[in-house]
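Hi everyone, thanks for making time this morning. I'd like to walk you through a structure, so please have a look at it while I talk.

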Amino acid sequence: MPLRKDLKSVLLIGSGPIVIGQACEFDYSGTQALKALREEGLRLILVNSNPATIMTDPELADRTYIEPMTVQALEQIIERERPDALLPTVGGQTALNLAIELAESGVLERFGVELIGAKLGAIKKAEDRELFKQAMIGIGLEVPASGLARSQEQAEGIRRRLGLPLIIRPSRTLGGSGGSIARDPAEYHAKVEWGLGMSPNHEVLIEQSIEGWKEFELEVMRDMADNVVIICSIENFDPMGVHTGDSITVAPAQTLTDKEYQLMRDAALRIIREIGVDTGGSNIQFAIDSRTGRMVVIEMNPRVSRSSALASKATGFPIAKIAARLAVGYRLDEIPNDITRMTPACFEPTIDYVVTKIPRFAFEKFRGAADELGPQMKSVGEVMAIGRTFKESLQKALRSLEIGSWGLESRVAGLREAAALATVRAHLSLPNSHRLYYLGDAVRLGLAREEIHRLTGIDPWFIDAVAEIVEAEGRIKNGPLDAALLREAKESGFSDRRIAQLAGLDEAAVALKRREAALAPVFKAVDTCGAEFEAFTPYLYSTYEGEDEAPPDARPKIMILGGGPNRIGQGIEFDYCCVHASLALKQAGFETIMVNCNPETVSTDYDISDRLYFEPLTFEDVMAIAERERPAGVIVQFGGQTPLKLALPLERAGVPILGTAPDAIDRAEDRERFNLLVEKLGLRQPRGVLARGLAQAVRGAAEIGYPVLIRPSYVLGGRAMEVVADEAGLRRYLEQALLASEDRPLLVDRYLQGAIEVDVDAIGDGETVVIGGVMEHVEHAGIHSGDSACALPPRTLSPALQEELMRQTRMLARELGVIGLINVQYAIFEGEVYILEVNPRASRTIPFVSKAIGVPLAKLAALVMAGKNLSALGFTAERVPRHVSVKESVFPFVRFPGVDTILGPEMKSTGEVMGIDRSFAMAFAKAELAAATDLPAKGCVFISVRDEDKATLAPIAQGLSAMGFELAATGGTARYIHNLRIPCATVNKVTQGSPHVVDLMREGRIAMVINTPDASGTADSFSIRRTALEMRLPFCTTMAGAQAAVEGIAALREGRFEVRALQDYHQDHYRDNCAPENRRG
Amino acid sequence: MSARREAILALADGRIFRGRAFGATGEAVGEAVFNTAMTGYQEVLTDPSYKGQIVCMTYPEIGNVGINAEDAESAGVHVEGFVVKEYRARPSNWRSEMALGEYLERAGVVGIEGIETRALVRHIRAHGAQQAVISSVTLDPGVLAARAKASPGLVGRDLVKEVTCAESYDWELGDWELGAGYRRPSKEELRDAPLVVALDYGIKRNILHRLVASGFRVRVMPAAASAAEILAPNPDGVFLSNGPADPAALPYAHKAVRGVLGRKPIFGICLGHQILGLALGGRTYKLGFGHHGANHPVMDLRTRRVEITSQNHGFAVDAGSLEGRAELSHLNLNDKTVEGLRGAGVPFFSVQYHPEASPGPHDAGYLFARFRRLVEAFPRWGAEALDRIAAEEGGAAAR
């Protein structure tokens, strides 16, 4: 059964913006699917609102729609494009939910679109928890005892039947959104309420808690002929109770005998057949009682998932790519295994190494968020490491995290024994993001493995491995560090830096000892088959053994350092740039080498670069590759801060860095050098001082005048950046920040209140500088650029002002000798241009700008860095599009109960969406829709703004009122609106008692909230913002945002919402002028 | 870890691997082969087919789940030596009764850990399976390599006689169930069940379990049983088991099978399949490094369905040598070798792989049911029985 002849065109749905639980793994799977289906000659239509994806590159599909992922938009796209089929299984939960809606609303039937991969019935059977449960019981499998509730009354009944603790899981949410464990009745009531609110169909599954059971996952694939294979087994280090996305996981399963594993495999086969997933990959989760082996089925995802991306990277078996082929008719045995070439894809990969995934968290970004892990996913990224033993892979994964960890550092150093023991026990029993480290401490403190197991539920096998690492640490500490001990340490995955810490040396000294002992890593291939067949794809990892399998060849090569784990401030945008660099350089005839440790990414697809090293991005690990490959150059400016931090050390070690010199990067990042630069060019920046310590900061701030913007130097994503209004605020900040920034100096700058912020991206080749785009932020300066919405082209800046911004950008780029990309952030304050920041590297906005103007900036920059000039590449003049593009950010607040949603200078968003249209208003409205903010067409808008914002309230209130909205406001604001002669109801503040504003919101009587924070009444406004978040009400926390929302609402009310493909926006321009593939040599 | 005894693995071609000893102290000689299954080391150790072989597990962490009484495939350990990357001395599994090292020590089997198993596998892949020595007593690599070179290979050797049973016996345990162990059928069930004689060339227990679970009374007979002895209890069917080494070195078995062919329905697995091939006048040959693992794709050529199979063999049947006498029923999708035969006008079928799994996937378990159907159909349809049940199966699949 080869390719189905009746399919000519296929619609793919992406997963939208990056959010917790749905990250770039769906760009990876979607991109694979597009590439695979392209090869089959199918006409492809793609919809995704996220511009920072490779899949939305216009070359990958015939028609690419960066549009809101709503039924309305999809219906229009389907009507225009008339696809034969819709593949809903490669775009995560978002695509699946949208496909269900499209099917149920009759759109698919109306336009004759067939669901391929999984039919509606199968999707519903897998996704609807009650149907799934019945299906499992029907095939003789056990599920945790549970009940389904749509109300508190039903939930009470279930509690009486099953008893506490209970797990509450909302139906149809992603990443366990809204899931929680309740241990007492009050907590239960509150969490049921929360869960009901989170579920799109107002339904929760209440489940007997099996906390502490062992947790496993199987990745299963099935074809149309009912051939089924297991691609990978995964065992969770953290037992049941912690969301699998937040668990440390290990592949393959470690603690099952064959008999037990086969029971699970048999169950998986029965499940995929019973659910009826026709083709493609599914993920099935199981729990096993470690005392009896009793097995229960937890859930199934009838689609590719985060785990399938991990399984693909862990085994070398490209699940999404194969799944796409299966969906259009192929059988597993008709598809070759890319890696071995000789054998078919119809087999089960076997691996001869151990893979460990560790999630990365961002609790520090959300003040008030408790570092506790449970059924709701909270991690923002992950790393994967490959080692020949579990210990080696675990330690490699630890240093891949980039959280300043080089091994199993103690978390209780300095505490007296009793205090240490108490701290350790507390952190073992309540899962948290540092539990692995506390486990190490538990061993150090002499806790028995049985006690550790009892406190954590972690399998003793894992505890033993950690204990062996700790025991080896002791030997390294005691010394002597001879060649034998050093070898043993390296074989167990110890980093030079950790060995140095333990032995009281510095990293260079350990590296030297290693050199003297001739101890260097070798590289082995990930080959799907345990070396049974020859591997043709150089997908490599390091280990300390004897045989190296992939000696480098002599071609000129360029090494690209990736961005490591996703985190807030550094995510998919940088991976996008790295992938583009690799693709462009490959096309230009270079051999490309990718180094990265993030399994979610497109960059770690072995198809992207000539060689893939799945390795931590530390100096030691990167040097080992550089020494072996001897690249002509290394690109460090595309992967965000991760590789940038390595630029100087690598250069000092003699590794050639391509593009802008590391020294120029330092000149832009080092505050004192930067001041000199700005002064030399005669430019202006907000007055600021560099302060070391409290006294200097207080003195400096007094000189500058409050409010001031304060932050540690050398940070990304505005980490620990804050606006403080007075000295007390400054002192409060410093107490926390000194911890966050170690001994680095602090920057104290004048805060330009109400200034317009502008981002400019440009590209330079050493001589010519061309502006990529000028983006005007919607929110005022003071809100992190990664969190604000922005428009390209600018919507209010005069041509003269834009020209001035471009002039300054060119000047800066020339002065710094930028070869590659540069991003400059400006503030326009009282008509003057101030420079806020210069980043001579790829910025977060590069994918957005590239898509807005139709020029692949990252590709051009990579070629420039490899020695081409811009005129040869045909990019010599700025391109101002006729359409307007708006970028909007999405936030993870809903995952962090008790955290304020207010925006500030510290970045908090996880992802972004793009809206494109003819006018700003409609583009903004689309961006809001894409960010899942439903701008209302009618109803009551609640307004409460602080005094200084009242001046800008009039046009907003008038606009809303004129469109027929009712207004409601609390005391001061209401009086102000009345004075404008606009009707407005007065409502109580929460502190004034019921019925107050939050009551109204809960009753569904408010359609939108405009609330700017008031320093004095934050507690009151906090509950408003939090309620708005939980009730999914659109809420604006800035006046600029509110103004844009009013314009957007007007556009939606007046204009017809129309969709348009990227290929239409950029028609001839893109193909003829800017695609580098048209311009070889 | 560092206090452990040194050990060396030497290959006949002189390649040396240094590691640490675990299990028994001593020296072992055998053909070095690798197994790619990620679970089931206990089943591998106790599979009599590994007689004469030193087995290297490609999965690096071994010992994790210890050893338990239920998972043994025979009464003892049959590998000559055991090679792993990292031996885990402290098992963690609710069924574990003993650590792997202790088990090997009690069985007197030499293990070596801490060696670069992947390099060994690549060497075997490139240079073929070859004789090897593991030693924790002699640590002179040259001497060990010479001993390996001097040792007899598997070709032409009858290792079956070392692993077969001494006398006939009845087997009465069925399938394993978690928590309940192996099921013992009731007297009534047994009374009405058809009788199968299972020839023990080194039979794995799970084959016996599967036969009982498929509704057979099972009489196990020694490998040397003659056709007359096999037919004496008037069995309803005959089963030919797996076993070690060279199928061509077993003329007595070929002869006995020839005497049964056509008179009773026959099902053969692995060595049993090869013996059938030879009994029919076909040829067998040695593979470069064999198939040992639990992930080999095999296609049932009639249904075009693919099974993921458990495999353990170093020899294979030459398809061309059986033209007209047997039909190719199953094909290995990796290297296109013969994986199954069915009789042309004679009621037998056989597979090269292991439908009883253990270790490995259960995809091919249907073959036991097929054998049961064949046995039931034979008295009525005789030589046509196989085609009759095939047609029924096809009809069932179509429905």
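I'll start with the place where the chains meet and then turn to a few spots inside each chain. Please keep in mind that this is a predicted model.

Let's begin with the interface. How many residues of chain A are in contact with chain B? There are 67 of them, and they meet 57 residues of chain B. Chain A and chain B bury about 5,200 Å² between them, with carbon and sulfur atoms giving 48% of that area. On the chain A side, A:Lys259, A:Trp461 and A:Glu532 supply 15% of the area buried against chain B, more than any other three residues.

Now for the polar side of things. Between chain A and chain B we count 14 salt bridges, along with 36 residue pairs in polar contact. Several elements give two or more residues to the side of chain A that touches chain B, among them helix 9, helix 16 and strand 17 of chain A. Which one gives the largest share? That is helix 9 of chain A, with 10 residues.

B:Arg118 forms a salt bridge with A:Glu549, where the closest N and O atoms are 2.5 Å apart. This pair crosses between chains, running from the loop between strand 18 and strand 19 of chain A to helix 3 of chain B. B:Arg118 also forms a salt bridge with A:Asp527, with the closest N and O atoms 3.0 Å apart. Is B:Arg118 buried or exposed? B:Arg118 counts as buried because its relative accessibility is 2%, and A:Glu549 counts as buried at 14%. Both belong to a network of salt bridges that links A:Asp352, A:Asp527, A:Glu547, A:Glu549, B:Arg15, B:Arg118 and B:Arg122.

Next, a salt bridge within chain A. The side chains of A:Lys214 and A:Asp459 meet at 2.5 Å, N to O. A:Lys214 lies in strand 10 and A:Asp459 in the loop between helix 15 and helix 16 of chain A, so the pair ties together parts that are 245 residues apart in sequence. A:Lys214 is buried at 6% relative accessibility, and A:Asp459 is buried at 6% too.

For a contrast, look at chain B, where B:Arg184 forms a salt bridge with B:Glu172 at 3.8 Å between the closest N and O atoms. Here B:Arg184 is exposed, with a relative accessible area of 55%, while B:Glu172 counts as partly exposed at 35%.

Staying in chain B, B:Ser74 sits in the loop between strand 5 and strand 6. B:Ser74 is buried, at 9% relative accessible area. Its side chain reaches the backbone oxygen of B:Thr46 at 2.6 Å and that of B:Gly76 at 3.0 Å.

Helix 7 of chain B is mostly covered, with seven of its nine residues buried, including B:Leu208 and B:His209. Just after this helix, B:Gly215 takes a positive phi of about 95°.

Last stop: strand 2 of chain A. Four of its five residues are buried, so strand 2 is largely enclosed by the rest of the structure. Strand 2 pairs with strand 1 of chain A in the parallel sense over five bridges, and A:Leu11 stands opposite A:Ile45 there.

That's my tour, and I'm happy to take questions.

Definitions and conventions: Residues numbered from 1 in each chain as written. Chains lettered and ligands numbered in written order. Predicted model: local features only at pLDDT ≥ 70, side-chain atom pairs only at ≥ 80, totals over all residues. Heavy atoms only, no water. Buried < 20%, exposed > 50% of the residue type's maximum accessible area, 1.4 Å probe, protein only. Contact = heavy atoms within 4.5 Å. Buried area = accessible area lost by both parts, 1.4 Å probe. Salt bridge = Lys/Arg side-chain N within 4 Å of Asp/Glu carboxyl O. Polar contact = N/O pair within 3.5 Å; in protein donor to acceptor, adjacent residues only side chain to side chain. Pairing = 2+ DSSP bridges.
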